[in-house]
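I want to go through the contact between the chains and then a few strands.

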Amino acid sequence: MSDSDVKAIALFFFFTMLDEKRALLASSQAYELCMNKIDKDEKAPIGELIVKSTYKVWKHNHSKLIRGRPQYSLNSGWDLPPGLDIGVWKDFQKNASEEDLLAIVWSKIINISESEIAMGLGLSAGTIRYRVSHAVRKLGAFQLGNSMVVQ
Amino acid sequence: MSGTPTFFSKKNSRKISSFIGIELLYDYLAKNLDPERSKAMDELIAQSREMNDEIKSIQRSLSYLDHLSGTQISVTLANRIKAPTSYYQGFLKKVKFSDWPVGIKLGIEALFVSTLIFSSIIMIPWHRINNMNFTSSRETLLVELEREKPKIAGSEAEISPKSVAPESVNAAVTFQDEGASAKGSNADKGSPLETKPTAPEIKVENSKVEVAKSVFPSAKEVVAKSTPTPQSSAKTSAENAESKAEAKNETKSEAKTGTGQGFLYRGSISVSNLPVTSQKFVDKIASLGGRRAGEVELGWKKGGGNYFHFTIPEAKYETLTSYLGEYGKLKIQRERHERVLPDGIIRLIITVSEEKKRP
């Protein structure tokens, strides 16, 4: 597993949880799980294994998570791009559905292809594309300050 | 209806509604639509201001997401993520357990589970579970002893017959005088018939041993501990040995007396010149080997007569009755009594009264 894959796992849990401690713990669990999956099936696409691992760890930890209460510091190891307004993402992470949140992070932040996401979740590519489309439009609405545009 | 164009035909131009257009807008921007739908979307976007605003929103959103994806993680954080989350995982990773052959893995797991099971079996206190005794007390009840003070002379006394000579037993035993009181007696305290307060009394009932000694305090029970001190152990052993020996003697005595049923000969006689006759009776009984049985002396004055409570060898019974019959009409009844005497010894209570003179 390359460093970019480790970074992908870390970013997934950071942007879905916005809690540095929980994100670190979940990232470690997902990393071990993904390593085990790689050992068992070396031919499987890494994107699919990352989706499977992160989704399993997410389902295991998300009930303990209280969305809307971000807990992280600027020097916690996640280096956000300069000039980024994280407030939009905070609103989106708080209000978006789980399907939209996970789909947009996998697809648009850690850049896993929709087909790999679909294989990892066992869904069709159209379903994933719809979820991503819906999430992107909703995020755009949050950027405009009107979350009621996209329901 | 025949002149209107068919909007759902593929051959003719398809117009897309704003609702469908918004749903297809993301795919339109991602160029995932077929050329025909893309052309229809172009026409819709050119006509609809709402669609243009939506396109700008999506593009802004995608730009924001692209900006977010530029987030980096530090090397330290990446190393922390790669580090094992537990010592167990770290151990497995260090020994490369996942690379081991499957047979060895299963063998180690089976060995671990079997060791765990055997350890549990050994550690569980089965003897306590069987006895249902979860207390931490280490006391063990060996024997229950009941000690009582011996009966004081004058009260009801229980003395078991001994397997000794009848004469000596006759001298050792004592009885309660019927109708006689200790105050009114002028019995000789130094008589050999007096009960010694230190004589032990033992009853054997089932497996319970009762020991009574005048020198012992009136303790109800003695519990011997499983780890006694040497002194107390020796003392307890001596007591047990003494109890066993005396119980054995008593058992032999009872066996010797046969059924265990005793008898009392109760009689009366009216004589003339009572004081002289009574003294003759005393001398005769003594000459026949009789001994007083109660506390009062032979010929004790009771009311208007004299009271004789004594034991005598059974062989002398006929001689005594014939002698007494010479002085008056002797009436004797043989009664069952709980007191058991050794073989060859009988007990009598004879009341001698002054014969009434006829007017």
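First the rule I need: a salt bridge is a side-chain nitrogen of Lys or Arg within 4 Å of a carboxyl oxygen of Asp or Glu. Before using it, I note that this is a predicted model, where local features need pLDDT of at least 70 and side-chain atom pairs count only at pLDDT 80 or more, while totals for chains, interfaces and linings use all residues. Residues are numbered from 1 along each chain as its sequence is written, chains are lettered from A and ligands numbered from 1 in the order in which they are written, and side-chain values use heavy atoms, with hydrogens and water left out.

**Entry 1: the interface**

I counted salt bridges between chain B and chain A and got four. One I looked up joins A:D3 to B:K82, with the closest N and O atoms 2.8 Å apart. Polar contacts came next (a pair of N or O atoms within 3.5 Å; within protein, one must be able to donate a hydrogen and the other to accept it, and residues adjacent in sequence count only if both atoms are side-chain atoms). Across the interface of chain B and chain A, eight residue pairs meet that rule, both at pLDDT 80 or more.

Which elements give two or more residues to the side of chain B that touches chain A? I found α1 (18–29), α3 (49–68), β1 (72–73) and α4 (75–82) of chain B; helices (H or I, at least four residues) and strands (E, at least two) are DSSP runs, numbered from the N terminus. The largest share, ten residues, comes from α3(B). By type, I sorted that side of chain B into 13 nonpolar, eleven polar and six charged residues.

For contact I used heavy atoms within 4.5 Å. On that basis, 30 residues of chain B touch 42 residues of chain A. Buried area is the accessible area (1.4 Å probe) that two parts lose on being put together, summed over both. Here chain B and chain A bury about 3300 Å², 62% of it on carbon and sulfur atoms. B:Y26, B:Y64 and B:I81 supply 21% of the area that chain B buries against chain A, more than any other three residues.

I also checked strands across the interface, taking two strands as paired if DSSP finds at least two bridges between them. β1 of chain A (residues 78–79) runs antiparallel to β1(B) over two bridges. A:D79 sits opposite B:Q72 there.

**Entry 2: β8 of chain B**

Is β8(B) enclosed or open? Nine of the nine residues of this strand (305–313) are buried, so it is largely enclosed by the rest of the structure; buried means under 20% relative accessible area, exposed over 50%, partly exposed in between (1.4 Å probe, protein chains only).

I listed its antiparallel partners:
- β6(B), residues 291–292, pairs with β8(B) over two bridges, and B:R291 partners B:T311.
- β7(B), residues 300–302, pairs with β8(B) over three bridges, and B:W300 stands opposite B:Y307.
- β10(B), residues 345–354, pairs with β8(B) over eight bridges, and B:F310 partners B:L348.

The β7(B)–β8(B) hairpin has two residues between the strands, and B:G303 takes a positive phi near 65° there.

**Entry 3: β9 of chain B**

I then looked at β9(B), residues 330–337: of its eight residues, the number buried is zero, so this strand lies largely in the open. β5(B), residues 262–271, pairs with β9(B) in the antiparallel sense over eight bridges. B:G267 has B:I332 as its bridge partner in β9(B).

Terms used. Ala, Val, Leu, Ile, Met, Phe, Trp, Tyr, Cys and Pro count as nonpolar, Asp, Glu, Lys and Arg as charged, and the others, Gly among them, as polar.
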